[in-house]
Amino acid sequence: MKSAKATRFEPYRAVVLAALLYYAIRLIFYAVTLSPYVPPDEVTHFGICRLFAQTCLLPENTSETWAFGQVTHQPYLYYWVMGRMLQLNLFSLPDLLFLRLVNVAITLATAVVALLWIRLVTDNRATQGLFVVMLTNTPMYSLVGASISYDNLTIAWAVLGLYGLHRFKLHPSGSALVLAGIAVLAGALTKQAYLPLVAIYTALGLYMVIKALGCGWPAQRPSWATISARQVIGLGLVLLLLVLNLRLYGGNLRQYGRLIPATDQVLTVEQAMQYRIYARNRIVRLYREGHRSYAEASKMAAKIDHPGDRRATRYLLHLAKRQTSHPVDLMNRGQYAAFWWHTMMQGLMGISGHLSMPKPWVFLAVCHVILFLALVTLVVSWRKYQPKILLVDAALIFGCYALILMQGVNYPIYRQFYS
């Protein structure tokens with residue numbers, strides 16, 4: 001006879017399973033129905049993935065690659081993995097759909113790891129269930145998760161790294177540290193924007209290790225006789241990823257003087273102009289610096305094949321022309337912070353790609369109220385449970401990364417295109 005505990009209905013599990021199932025269905029629906037011209041830069045990502053499928057290692061810059069920029073001196077792990085996946089497409093599915101479904105799998109796996117993380121943070125089932133529901137109902141994350149984008153693998157590494165660090169903080173172990181190391185190093189090979197997170201995670205990880213060592217970890221010195229095959233594989237993977245990072249970024253610094261070289265450092269200007277992002281930025285810059293008239297710049301913009309970037313180039317030219325005829329004061333860093341936050345919330349809670357579906361202000365106001373209440377709760381919890389609470393780490397990571405992105409990356413771009 002089964003015990004009452006075994007047969008008891010648990011709403012928490014039903015909510016989590018229902019949320020994940022609904023999320024999977026929605027992601028697959030988007031993957032099947034979305035136009036490739038809606039998700040951000042999917043055409044470029046897909047094209048580079050197909051280039052990587054043509055070789056077992058890394059492709060070279062040739063006339064076939066110029067339309068995607070330089071492909072030899074940038075983070076490549078996502079494209080390499082997708083290239084291998086394309087070689088395994090034995091189901092006669094269109095390549096675009098097949099890679100979208102692979103990205104759906106990555107996104108669902110990320111949601112599962114996020115669930116494991118929130119279980120470290122709190123034992124409260126209601127909080128865990130609400131977290132999963134909110135995560136799986138974030139519109140922009142659903143759109144990107146169903147498209148071909150290196151953001152999906154980047155987010156997966158970020159979540160896995162946080163989970164590994166917090167698992168180590170609660171229960172110090174070599175396996176948790178290796179897991180975090182793999183996530184940090186693999187993320188650095190996936191997307192340039194992950195690099196600030198590498199610094200943040202590394203600093204946090206070093207602090208946790210020093211603190212654990214001060215508390216007597218490990219209890220006894222590990223020996224080779226006690227190391228399992230799984231641990232050896234993990235350490236080997238960490239070493240391999242470290243070597244690949246040093247080869248990529250160290251080689252770039254030595255050859256070009258920067259972590260990621262500009263497109264026209266690797267290609268000629270004529271070759272680079274076939275890349276839509278470079279073409280957009282150069283056309284606007286040529287007009288702003290007086291090297292091209294508005295009519296000439298508009299004619300150049302008309303040659304950009306991608307409709308979204310063609311529209312974006314014309315819009316930036318219009319802004320530059322208006323700024324010349326009717327100058328307006330640009331936002332300072334404080335004003336830009338408020339604008340940036342609103343833009344990020346609008347993009348996250350709505351749809352922001354080559355076509356956009358923004359949310360009404362009332363909806364965003366409700367989201368801001370929820371976030372404010374969550375912040376108040378965090379402050380109260382911090383004061384009461386400061387030694388144990390893991391959300392403090394998450395909040396600090398978010399704050400540092402957002403500040404770097406906002407003021408160190410996006411604000412200079414704003415000044416470049418709108419001044």
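Trainee: What are the ground rules for numbering and confidence?
Mentor: Residues are numbered from 1 along each chain as its sequence is written, and side-chain values use heavy atoms, with hydrogens and water left out. In this predicted model, totals for chains, interfaces and linings use all residues, side-chain atom pairs count only at pLDDT 80 or more, and local features need pLDDT of at least 70.

Trainee: Are helix 2 and helix 5 roughly parallel or roughly antiparallel to each other?
Mentor: Helices here are DSSP runs (H or I, at least four residues), numbered from the N terminus. Axes are lines fitted to C-alpha atoms over the stretch in contact, with angles from 0 to 180 degrees between N-to-C directions. The axes of helix 2 (residues 11-33) and helix 5 (residues 95-121) come within 9 Å and cross at roughly 160°. Angles under 35 degrees count as roughly parallel, over 145 as roughly antiparallel, 65 to 115 as roughly perpendicular and the rest as oblique, so helix 2 and helix 5 are roughly antiparallel.

Trainee: By class, which residues make up the contact of helix 2 with helix 5?
Mentor: Contact means heavy atoms within 4.5 Å. Residues of helix 2 including Y12, V16 and L20 meet residues of helix 5, among them L97, R100 and L101. Ala, Val, Leu, Ile, Met, Phe, Trp, Tyr, Cys and Pro count as nonpolar, Asp, Glu, Lys and Arg as charged, and the others, Gly among them, as polar. On that basis the contact has 16 nonpolar, one polar and two charged residues.

Trainee: In which hand of crossing does helix 5 pass helix 8?
Mentor: Helix 5 and helix 8 pack at an angle of about 20°, with their axes 9 Å apart, and are therefore roughly parallel. A crossing is left-handed if the near helix is turned anticlockwise from the far one by less than a right angle, and right-handed if clockwise. Helix 5 passes helix 8 in a crossing that is left-handed.

Trainee: How do the residues of the contact of helix 5 with helix 8 divide?
Mentor: On the helix 5 side, N103, I106 and W117 are among the residues that meet helix 8, whose partners include N152, H166 and R167. The residues of this contact divide into 14 nonpolar, five polar and one charged.

Trainee: How many charged residues has the contact of helix 14 with helix 16?
Mentor: The axes of helix 14 (residues 276-288) and helix 16 (residues 307-325) come within 10 Å and cross at roughly 15°. Besides eight nonpolar residues and one polar, the charged residues number five.

Trainee: Which helix gives the most to the lining of the second largest pocket?
Mentor: This pocket is lined by 33 residues, with S173, G174, S175, L177 and V178 nearest its centre. Helix 8 (150-170), helix 9 (174-188), helix 10 (195-214) and helix 11 (229-256) each supply at least two lining residues. The most, ten residues, come from helix 9.

Trainee: Where is P218?
Mentor: The peptide bond from W217 to P218 is cis, with omega near -10°. Most peptide bonds are trans. P218 is in the loop between helix 10 and helix 11.

Trainee: Which loop holds D41?
Mentor: Phi of D41 is near 60°, a positive value in a residue other than glycine. D41 is found in the loop between helix 2 and helix 3 (42-53).

Notes
1 Å grid on protein atoms, 1.4 Å probe; cavity = no way out; pocket = protein on both sides within 12 Å on 5 of 7 lines; lining within 4 Å.
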